[in-house]
Each structure stands twice: as structure tokens, then as C-alpha cells.
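Subject: Structure for you, with notes

Hello,

Here is the structure I promised to send. My notes on what turned up in it follow below.

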Amino acid sequence: MTLVTRHARPVIAAALVLTLFNLLVFAAGEAPWRALVTGLEGSLGTAYGLGQVLYKATSLAIAGAAFQVAYRAGLFNVGIEGQIALAALAAGVVGARLGWAPAWIAVPVAGGAAVGVAAGWAALAGWLRVRFGAHEVITTILQNRLADALLPLALAHGLGETGVRTRDVAASAAIPRLSVLSHALAGSAASFAVLLALVTPWLIDRWERRAKVGREVGLVGLGPEACRAAGVPVSSRLLVALTLSGAVAGLTACGAVLGYKGHYELGMTTGVGFAGIAVGLLGRGTPLGLLAAALLVGALQQTGLVLNATVPKEATDVLFGAVILAVATTGRREVTR
Amino acid sequence: MRIEARGLTKRYGDVVALDDVSAQLTEGRITALLGENGAGKSTLLRLLAGLSAPTSGELVLDGVARARVSPAEARRLGIGVVHQHFSLVPSFDGLKNLMLGDEPVGPLGVLRPGALLARAERVMRDVGLEVDLGLPAEALSVGERQRLEILRVLVRGATTLLFDEPTATQTRAEAARLYAVMRRLADDGATVAVVTHHLDEVSAHADEVVVLRRGARVFAGEARGLTTDELARLALGAAPPPVSRPPPPVDAPVVLALDALGAGRLVDVSLEVRRGEIVGVAGVDGNGQDELVELIAGLAAPARGRLSLDGAPLDGLDVAARRSRGLGVVHGDRHALGIVAGASVHDNLVLGELGGDEAARARQRLVASGASPARLDVPISALSGGNQQKVVLARALGRPLRALVVAHPTRGVDAAAAAALRARLAEVALAGCAVLLVSADLAELRALSHRLVVLCRGRVTAALPPDVDEAELGRAMLGGAAA
Ligand SMILES: Nc1ncnc2c1ncn2[C@@H]1O[C@H](COP(=O)(O)OP(=O)(O)OP(=O)(O)O)[C@@H](O)[C@H]1O
Ligand SMILES: [Mg+2]
């Protein structure tokens with residue numbers, strides 16, 4: 001590829017996306033330029049909008065990190081969606097029963113419950129993979145459906161306040177909102193869980209580079225047969241990777257349940273897991289890339305919400321698909337051979 | 001078709017893989033391409049086939065000069081490459097692998113394997129290649145896979161054939177048959193280039209020679225009349241010293257013992273290797289060698305029989321546990337079992353033993369390996385094939401060993417480095433290690449081993465002294481195969 005086309009590609013992609021945006025907005029009967037300005041103002045232009053973007057990006061970055069952990073090992077964890085949902089239920093159920101505990105116990109315990117449940121759920125797929133060779137894409141998809149069925153069942157039979165939600169978590173189990181820092185953020189969903197989004201990808205990256213097990217997980221992803229022949233415990237590394245992927249997915253629930261809603265209700269995490277896969281792939285394996293991708297997708301989602309009044313959601317979804325494709329195709333790619 | 005390279009240069013970062021190389025390949029002639037590991041042979045073939053673009057220089061194809069040729073164009077011009085690394089789909093049978101990327105379709109896009117099968121069979125008959133097209137590629141021996149790769153290029157009607165170390169995986173008799181194939185193709189007007197590290201093949205089979213050294217062309221001319229020593233001086237600087245077998249151990253205890261071992265192709269294999277002894281396993285590739293090595297390594301479980309190291313049974317122990325008892329293994333299939341291609345040289349040198357004084361170990365092994373460029377941080381895929389092999393061996397040899405099982409240790413390694421590696425194996429044995437050496441290179445087996453056993457159809461069919469006459473050894477290898 002010549003230098004010119006390499007630099008021209010992002011520009012061309014941006015132009016195409018903008019054109020598509022204009023067409024979509026125009027088709028919806030709105031003035032394109034004004035819609036763009038409104039959308040951007042609503043997401044990035046105000047402190048509240050920014051807070052919302054941060055909130056969404058928090059979940060997306062963590063979910064993306066979860067995806068990447070498994071991806072490094074050559075596993076495609078499609079089950080993040082279900083893992084997050086179960087974790088959110090666990091956070092809600094356990095969080096509601098911690099009224100007796102101070103915050104320094106309640107938050108870690110409720111969060112730990114979320115992480116543990118999601119890790120166990122993912123470990124099941126890992127075990128099926130290493131024990132029976134069942135492909136994780138199939139098993140995790142099935143697990144998502146299973147989670148969809150289990151959640152209302154659990155809420156209806158003892159775990160819920162009503163059939164659709166849990167009781168409120170204890171005040172001590174809540175993660176403080178960022179609005180305690182600035183009034184401008186009042187009402188926004190962003191909480192100190194955003195710290196998790198900053199730390200988690202970075203910690204995982206360190207683990208994958210420095211720790212013996214973490215490095216072996218990456219090597220297994222690159223060449224499982226050669227690893228086995230060299231005495232690397234391949235099955236155990238695959239299991240670790242998928243379990244950890246689930247555990248990180250579970251962390252996502254902290255922002256949503258403990259940092260924002262204060263309870264779990266059916267459907268509140270819908271879509272985060274799947275969007276997290278996109279973020280994980282866009283992030284290209286670096287913590288910074290992951291955060292950038294999470295902010296991009298978060299901003300797109302928020303823009304979509306703002307425009308929702310005038311432009312149908314389907315139109316903005318098409319646009320987001322286009323943006324993600326554009327980013328994915330214009331990025332630098334190592335050419336081998 | 002006549003191909004000419006004019007002043008080709010290829011750089012990878014600060015590595016100059018090819019330095020202003022000019023050469024030509026002529027119709028009807030077999031041109032041998034020589035040079036030590038990393039000299040740039042594979043790179044030159046890739047440039048000729050349009051698979052990578054030169055940094056500078058041009059190709060002249062059929063009299064037309066071009067700075068760059070696309071792979072599709074090269075294929076249209078009838079240029080076909082048989083790569084050093086195989087590109088077969090393991091689970092596909094031979095026929096499907098032949099079809100892949102060039103599917104024979106009838107009207108309405110229906111796959112028509114029949115015509116292709118007929119063509120493949122005709123080509124096999126015409127040129128004298130033999131491959132079982134009904135078996136999945138993973139069930140074929142390395143030698144058979146090599147022949148399948150060659151068949152794939154021929155079936156597509158290539159008339160300019162670039163072979164990258166096709167004989168590295170073949171016994172000498174098989175290699176001679178491959179050269180007979182090439183000669184028939186050349187006589188029919190094909191242009192043939194072949195990379196090899198076996199210098200004796202050059203004077204026996206090639207018409208012309210091109211020698212590369214550190215990326216530069218140092219010789220081009222007629223092959224006839226050049227002796228192996230002269231070729232060695234051209235390619236390597238000096239003829240490699242002959243290997244000397246370590247003195248045979250006296251009254252040494254048995255270290256590695258196989259007792260009526262059986263699994264898959266293997267039937268009742270019993271073997272003992274003593275302290276300081278080198279036992280050579282001869283046999284036509286695909287007669288159970290790979291299975292034997294995998295059983296001893298702990299990658300596969302035996303269906304019958306027992307295996308012990310220093311008198312203690314190895315059954316039930318995994319690869320890592322066997323290694324910690326002092327067992328070292330080098331598998332024959334470097335690409336599947338030897339290296340993690342996407343990982344760095346460093347990680348490949350300490351694969352399976354991360355942690356501890358890892359950095360020091362990696363550095364030490366890198367130096368011992370003699371690989372070039374001697375860098376730890378580059379991906380191993382940036383090393384030439386022979387240099388990758390040196391890394392694999394350095395990992396196995398870089399620890400104290402009670403027993404060592406090596407399959408094809410010098411496959412793809414240049415003659416000078418091969419001599420150094422063989423000397424290293426002799427040294428390891430002299431230090432008290434029991435060595436089981438599996439090789440397709442009879443000269444290597446005879447030079448190093450204290451005893452030879454012949455593996456045929458999964459059985460040990462003969463035990464012979466190393467100075468057995470080559471014809472008799474060959475008969476023993478085939479005799480069982482015919483039985
Ligand atoms: N993709 C790459 N990136 C960086 N360096 C490379 C790459 N491919 C080849 N090289 C370097 O180019 C040089 C020539 O490599 P090449 O594979 O052509 O050697 P070769 O003569 O075929 O050796 P061998 O006999 O071991 O197969 C080597 O130093 C190698 O490390
Ligand atoms: Mg090569």
C-alpha cells in the first residue's frame with residue numbers, strides 16, 4: 001500500500017460515514033447538520049452528556065477487556081452478555097442483604113458475588129471445552145439463552161422483590177456517583193466504577209505480559225499444539241482464560257447495579273456484552289485502544305439516545321455499524337509473509 | 001519460461017535479506033540454489049513468484065522487465081512455488097487440498113472433483129509421484145505431504161517450478177526419485193529451480209548453480225564438474241568437518257526402555273537405550289516414527305506396553321513431568337510441534353519453562369543455537385527455516401538431560417550448522433545422555449549411531465550395526481514395507 005492511500009483511507013472512511021449519516025437523517029425528515037450538532041451536544045457537549053458517555057464507556061471497556069482475555073487464548077467468548085446479566089443479578093441479590101456491613105465490606109462482597117457468579121458460569125463453558133471439546137462459541141451462545149430463561153425464574157422464585165427486579169441494594173453497597181465531585185454531573189449515571197474501567201484493562205495487560213500463567217495463555221492462543229508439546233498445560237490455561245474472561249465480565253455489573261440503578265432489573269444490561277465484543281475487537285489488544293474504543297462506542301450510543309426523539313433508533317444503529325466497520329478497516333494492520 | 005532477476009534487493013527493517021542479486025533460470029534446466037541458513041534463498045523464490053515485492057530491482061519474465069509482479073500474474077504465467085513450510089489443510093484429504101483455491105467447477109458452480117482426480121492421477125503417473133489422495137493431510141507423513149504440495153503445483157499446470165527444500169524431508173532414495181520427476185519436467189520444457197542443503201544432490205542432479213551468501217550472489221554457473229567440497233567452500237566458506245561418533249559406552253545401565261509399546265501404527269516396539277549410547281532409528285518416513293516420538297514425549301498414551309526412564313515407569317506422566325525427570329524431545333514436525341510461530345525467539349527458547357532465571361537461560365540458549373540474526377525480541381517467523389530449527393534444538397539441549405529423543409534434528413539446517421549440531425549430539429551422549437535419533441538421513445544415522453534399528457510398518461524389523469552397507473540398510477527399510 002502506498003503512503004498516500006494509507007493516509008487517505010481514514011479520511012475516505014470518515015467522509016463515507018458522514019455522508020451516510022446525512023442520508024439517514026435526511027430520510028428521517030430532519031435537517032442533517034442540525035441533527036449532527038444536537039447529537040454531539042447531547043453526548044460530548046454537556047457535562048451531563050459526558051457523564052452518560054463515561055457511564056456507558058465504563059461497562060463497555062470492562063466487557064471489552066473480558067472479551068480480550070479469552071481472545072488472547074484463541075477463545076471467542078460470546079457469552080459475555082449472559083455472564084454480565086447473571087452477575088448483575090448476583091450483585092443485586094447480595095447487595096440487598098448487606099445492610100449490616102460497612103461500605104468497605106459491602107462493596108467488595110457484592111462485587112465479588114457478581115464476579116464469582118460470572119466466572120463460574122464462564123468456567124462451565126471452559127470445562128465443556130477442555131473436557132469434551134465442545135466449542136465455546138456454541139456453548140456460550142446456549143448459555144446466553146439459558147441465562148435469559150433463568151433470570152426471570154430466579155426473580156419470580158425468591159430472589160426478586162417483584163418478578164422483574166430485586167430489592168434495592170444496601171446504601172453501604174452502593175458505589176458513589178461521580179456527581180459528588182461536581183454538580184454539573186448531577187443526575188448522570190457515571191460512578192466511581194469508572195476507576196475499574198481504567199485499572200482492569202491495564203492489570204490484564206500486565207498479567208498477560210509479565211505473569212507466567214498470563215504469558216502462557218497468550219502463547220497457547222498462538223500455538224496450542226506446540227505449547228502442548230513443550231509441556232505447557234494447555235487445558236488448564238484455556239480454562240483459566242475463559243474463567244477470567246467471565247470474572248471480568250462480572251465486574252461490569254458493578255457499574256450498572258452498584259454504581260447506578262441500585263438494584264437489578266430484567267434487561268438492564270442487555271446489549272452491553274455484545275457491544276463489548278465489538279469494543280474488544282476494536283481495541284486491538286492494548287489497554288489504551290480498549291479505552292478509546294469504549295469511549296467511541298459509548299459516545300455513539302449516547303448520541304443515538306439524544307437523537308432518538310427525531311431519528312429512529314434503527315437509523316442510528318445502522319450508522320454505528322458503519323462507524324465501527326470504518327474504524328475496523330482503516331486501522332493499522334500488520335501484514336505478514 | 002525464462003526468468004531473470006536483475007539487481008534484486010529485499011530489506012526487512014534493518015535486515016538485508018537479498019542484496020543486489022542477479023540470476024537467471026532457463027527452460028529445460030534445473031538450477032540449484034545454495035547458501036547457508038538465512039542466506040536469502042526462500043526470499044529470492046518468493047520474489048520470483050510475486051509473493052513479496054523487492055525493495056529494488058526488477059524481474060524479467062519472457063523478456064518483459066517489471067518492477068513488480070502480482071501473485072495472480074505469476075500464476076497466470078505458470079510460476080508455481082512449493083514452499084519450505086507446508087500450506088495444507090490438515091483435516092482435508094489429498095484431493096480437497098489439491099482443489100483448494102482452484103476449485104474445478106462445472107456449470108452452475110457445481111464442484112467437479114472427478115476431472116481433477118483424473119488429472120492428478122495422470123500427472124502422478126506421468127512424472128512418477130506417489131501420494132495417497134484419499135487420506136487427510138494430517139494422516140500423511142511429512143514426506144508424503146511434501147509430495148502432495150508438489151503435486152498441487154503440477155496439477156495447476158505450472159511450468160516454472162520453484163522448489164524450496166523439497167528434499168529436506170525425504171530419504172536419499174526418495175530425493176533421487178524427486179529429482180527424476182524434476183528432470184522429466186525439465187525435459188518437457190519446464191524451468192526448475194530447487195533449494196537444497198544437500199550439496200551432493202547438486203552435482204548429481206542440477207544443471208546450474210546459484211550460490212547466495214548473506215543475501216549476495218557469490219557464484220552462478222554450470223553445476224557439472226563442481227565437487228561437493230568446492231560447493232561447500234562456495235556456499236559455506238569451508239567444507240564442514242566430518243562427524244565423529246562418541247566412543248561406545250561400556251557396561252552402561254539402560255536409561256530409556258520401551259517394552260512392547262503399541263499405539264496406532266506402532267506394534268510391539270521394544271528398545272533400550274543405554275547411558276551414553278546413540279541408537280539410530282532408520283526407516284522410510286511414515287512408518288511410525290512420529291508416533292514413537294510422541295509416545296515417549298507423553299503427547300499420546302500408549303495402548304499397550306510400558307515405557308521407563310532410569311528404571312522408573314513414565315506411564316501417566318505428562319510432558320512437563322517427563323521433562324523434569326530429564327527427558328528431552330525434539331519432534332519431527334517443526335511447524336506444528338516445534339515452534340509457536342507468532343511468538344518471539346525468546347518465548348520459543350523457553351517455551352514450557354517460563355519464569356525463574358528465564359532471561360539468562362534464553363540468552364544462553366540463543367548463543368548456543370548459533371541462530372542468526374541473534375536476536376531475542378524478533379518473532380521467530382522472521383527467522384529463516386534453518387534458523388528456526390536451531391532455536392528448537394537449543395531449547396531441547398539447553399537443560400541437563402538423562403535421555404534425548406530427536407527426530408530429524410538437522411532437517412533444513414545448512415551443512416556447516418548440521419555438522420555443528422551433530423557434534424553437539426555426540427557431546428551430549430559423551431556426557432552420559434541416552435540418545436534416540438530418528439532421521440531420514442542415512443549418512444547422519446550411520447555417522448552418529450552406535451546401533452541402528454529399522455522401523456517398518458510400526459515394527460522394529462531389524463537391528464543393524466552402523467557400518468552396515470547402505471544397500472543392505474535400504475533393503476531392510478523397504479523389505480519390511482513390502483512384507
Ligand atoms: N518476514 C521477515 N521479517 C524479517 N526478517 C525476515 C523475514 N523473512 C526473512 N527474513 C530474514 O531474511 C533473511 C533471509 O531469509 P530466508 O528465509 O530467505 O533464508 P534462507 O536462505 O531461505 O534460509 P534457510 O536455509 O534457513 O531456509 C534472514 O536473515 C531472515 O531472518
Ligand atoms: Mg528457506
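The contact between the chains draws on 15 residues of chain A and 21 residues of chain B. Please keep in mind that this is a predicted model. Interface size is often quoted as the accessible area lost when the parts come together. Here chain A and chain B bury about 1,600 Å² between them. Carbon and sulfur atoms carry 63% of that area.

Salt bridges come next. How many link chain A and chain B? The count is 2. Over all chains, a search of the whole structure gives 34. One pair to look up on screen is Arg215(A) with Asp347(B), whose side chains meet in a salt bridge. Their closest N and O atoms are 3.1 Å apart. Arg215(A) sits in helix H8 of chain A (residues 212-222) and Asp347(B) in helix H12 of chain B (residues 345-349), so this pair joins two chains.

H8(A) also packs inside its own chain. Its partner is helix H10 of chain A (residues 234-261). The two axes lie 9 Å apart, at an angle of about 105°. That makes H8(A) and H10(A) roughly perpendicular, because angles of 65 to 115 degrees count as such. H8(A) brings Val213(A), Glu216(A), Val217(A) and Val220(A) to the contact. From H10(A) come Val234(A), Arg237(A), Leu238(A), Val240(A) and Ala241(A). By class, that is 7 nonpolar residues, 2 charged and no polar.

How do their axes run? The crossing of H4(A) past H6(A) is left-handed. On the H4(A) side, the contact residues include Leu86(A), Leu89(A) and Val93(A). Facing them in H6(A) are residues including Ala147(A), Leu151(A) and Leu155(A). By class, the contact of H4(A) with H6(A) holds 9 nonpolar, 4 polar and 1 charged residues.

Two backbone details remain. Most residues other than glycine have a negative phi, and most peptide bonds are trans. Arg284(A) has a positive phi, near 55°. Where is Arg284(A) found? It is in the loop between helix H11 (272-282) and helix H12 (287-307) of chain A. In chain B, the peptide bond joining Ser372(B) and Pro373(B) is cis, with omega about 0°. Pro373(B) is placed in the loop between helix H13 (358-369) and helix H14 (385-397) of chain B.

Best wishes

Technical notes. Residues are numbered from 1 along each chain as its sequence is written. Chains are lettered from A and ligands numbered from 1 in the order in which they are written. This is a predicted model: local features need pLDDT of at least 70, side-chain atom pairs count only at pLDDT 80 or more; totals for chains, interfaces and linings use all residues. Side-chain values use heavy atoms; hydrogens and water are left out. A crossing is left-handed if the near helix is turned anticlockwise from the far one by less than a right angle, and right-handed if clockwise. Helices (H or I, at least four residues) and strands (E, at least two) are DSSP runs, numbered from the N terminus. Contact means heavy atoms within 4.5 Å. Ala, Val, Leu, Ile, Met, Phe, Trp, Tyr, Cys and Pro count as nonpolar, Asp, Glu, Lys and Arg as charged, and the others, Gly among them, as polar. Buried area is the accessible area (1.4 Å probe) that two parts lose on being put together, summed over both. A salt bridge is a side-chain nitrogen of Lys or Arg within 4 Å of a carboxyl oxygen of Asp or Glu. Axes are lines fitted to C-alpha atoms, for helices over the stretch in contact, and angles run from 0 to 180 degrees between N-to-C directions. Angles under 35 degrees count as roughly parallel, over 145 as roughly antiparallel, 65 to 115 as roughly perpendicular and the rest as oblique.
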